[in-house]
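The sequence and the structure are shown here.

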Amino acid sequence: ATITSPLVVLQKGIKTGLTKSQVMKKFPKMAVAMAGADVWQIGNEERTQYFELSFKNNILKMNFFL
């Protein structure tokens, strides 16, 4: 499903409209590795579920739950 509404808040307070730096603060261990990327994949260790976060102009535009 694609989530584009800022009314839907994911785990750790992730929602459409946050800046990349705001999202990086929620995942400090991954921030350095992901700072330059515009698409992030965040999930459990088994990779049975994950979120794909897409940024445009450093603003979170879309969340995909796969």
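## Overall architecture

The protein chain contains two helices and four strands, where helices (H or I, at least four residues) and strands (E, at least two) are DSSP runs, numbered from the N terminus. Read from the N terminus on, the order of the elements is β-α-α-β-β-β. This is a predicted model, in which local features need pLDDT of at least 70 and side-chain atom pairs count only at pLDDT 80 or more, while totals for chains, interfaces and linings use all residues. Residues are numbered from 1 along each chain as its sequence is written, and side-chain values use heavy atoms, with hydrogens and water left out.

Of the 66 residues of the protein chain, 29% count as buried; buried means under 20% relative accessible area, exposed over 50%, and partly exposed in between (1.4 Å probe, protein chains only). The accessible surface of the chain comes to about 4,400 Å², and 57% of that area belongs to carbon and sulfur atoms, the areas coming from the Shrake-Rupley method with a 1.4 Å probe, and for residues only the protein chains shown count as cover. With contact meaning heavy atoms within 4.5 Å, 33% of the contacts between residues at least 6 apart in sequence join residues at least 24 apart.

## Nonpolar core

The largest nonpolar core has 13 residues, and those with the most contacts inside it are Ile-14, Val-23, Trp-40, Ile-42, Leu-53, Phe-55 and Leu-60. Such a core is a set of buried Ala, Val, Leu, Ile, Met, Phe, Trp, Tyr and Cys residues joined through side-chain atoms within 4.5 Å. Two or more residues of this core come from each of the elements α1, β2 (39-43) and β3 (50-56). In soluble globular proteins, nonpolar side chains tend to be buried together.

The strands β2 and β3 run antiparallel and are joined by five bridges; two strands pair if DSSP finds at least two bridges between them. Gly-43 has Tyr-50 in β3 as its bridge partner. The two strands form a hairpin with six residues between them, and in the turn Arg-47 has a positive phi of about 60°.

## The salt bridge

The structure holds one salt bridge, a term for a side-chain nitrogen of Lys or Arg within 4 Å of a carboxyl oxygen of Asp or Glu. In this salt bridge the side chains of Lys-20 and Asp-38 meet at 3.1 Å, N to O. Because Lys-20 lies in helix α1 and Asp-38 in the loop between α2 (31-34) and β2, the pair ties together parts that are 18 residues apart in sequence. Lys-20 counts as buried at 7% relative accessibility, whereas Asp-38 is partly exposed, with a relative accessible area of 39%.

## Loop residues

Thr-16 lies in the loop between β1 (2-3) and α1 (20-26), and with 13% relative accessibility Thr-16 counts as buried. Leaving aside residues up to four places away in sequence, Thr-16 touches Ile-3, Thr-4, Ser-5, Pro-6, Leu-60, Lys-61 and Asn-63.

Lys-12 also lies in the loop between β1 and α1; although Lys-12 is not a glycine, its phi is positive, at about 65°, and the residue is partly exposed, with a relative accessible area of 49%. Asn-58, in the loop between β3 and β4 (59-65), has a positive phi of about 65° although it is not a glycine, and at 43% relative accessibility Asn-58 counts as partly exposed.
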